[in-house]
Amino acid sequence: MKKLRKGDDIAYPEPTEQRRRLMSRVKSRNTSPELKVRKLLHAMGYRFRLHKCDLPGTPDIVFGPLKKAIFVHGCFWHRHDGCRKTTTPTTRREFWVSKFQANVLRDERKMHELKEIGWDVMVVWECESEAPTLARHLTRFLRRSARKHRRRVERG
Ligand SMILES: [Zn+2]
């Protein structure tokens, strides 16, 4: 393939079929990191719902009675800060940068909306989905529900 130089963007008209397919993967379901997290949660004895589309941002894993939601985010698309997977393509850089910014802003907005309606939210990054510490983090997050009870007690 011809090497691209700055200003050569014009050689790439509007999103190609390949890029469209890539982009449509931004909100893909049942990705492999997500399956790993689900499998781990099952092994830990937790039961949950998937992809609740009546909640802001359609969280990937939902614990209804606990009012807790988990997003499993791909590091590249959702821009995991400081992660080696968070690269930026060198061609059509501006296109990608604005695309990524939109993703990050949307994530922030959806998580904020969830919290506003009383949900506790956790993000598991793709690169953490196999980390040995993940089970501990999940447990800590899911047990935080005790706080709700405490608050109720405190209010009397
Ligand atoms: Zn990452």
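I looked up V37 and its contacts (C-beta atoms, placed from the backbone, within 7 Å). V37 touches I61, I70, V72, V124 and S129, leaving aside residues up to four places away in sequence. I note that this is a predicted model, where local features need pLDDT of at least 70, side-chain atom pairs count only at pLDDT 80 or more, and totals for chains, interfaces and linings use all residues. Residues are numbered from 1 along each chain as its sequence is written.

Next I checked the nonpolar core, a set of buried Ala, Val, Leu, Ile, Met, Phe, Trp, Tyr and Cys residues joined through C-beta atoms within 7 Å. Buried means 20 or more other C-beta atoms within 10 Å of a residue's own; 12 or fewer is exposed, and in between is partly exposed. The largest core has 12 residues, among them V37, L41, F48 and W125. At least two residues each come from α2 (32-43), β2, β3 and β4 (120-125). β3 gives the largest share, 4 residues. Helices (H or I, at least four residues) and strands (E, at least two) are DSSP runs, numbered from the N terminus.

Then I looked at backbone angles. K67 is not a glycine, yet its phi is positive, about 55°. I found K67 in the loop between β2 (61-63) and β3 (68-73). K67 is partly exposed because it has 15 C-beta neighbours inside 10 Å. R92, also not a glycine, has a positive phi near 55°. R92 lies in the loop between α3 (75-78) and α4 (93-116). G118 follows α4 and has a positive phi near 90°.

Key. Two residues are in contact if their C-beta atoms, placed from the backbone, lie within 7 Å.
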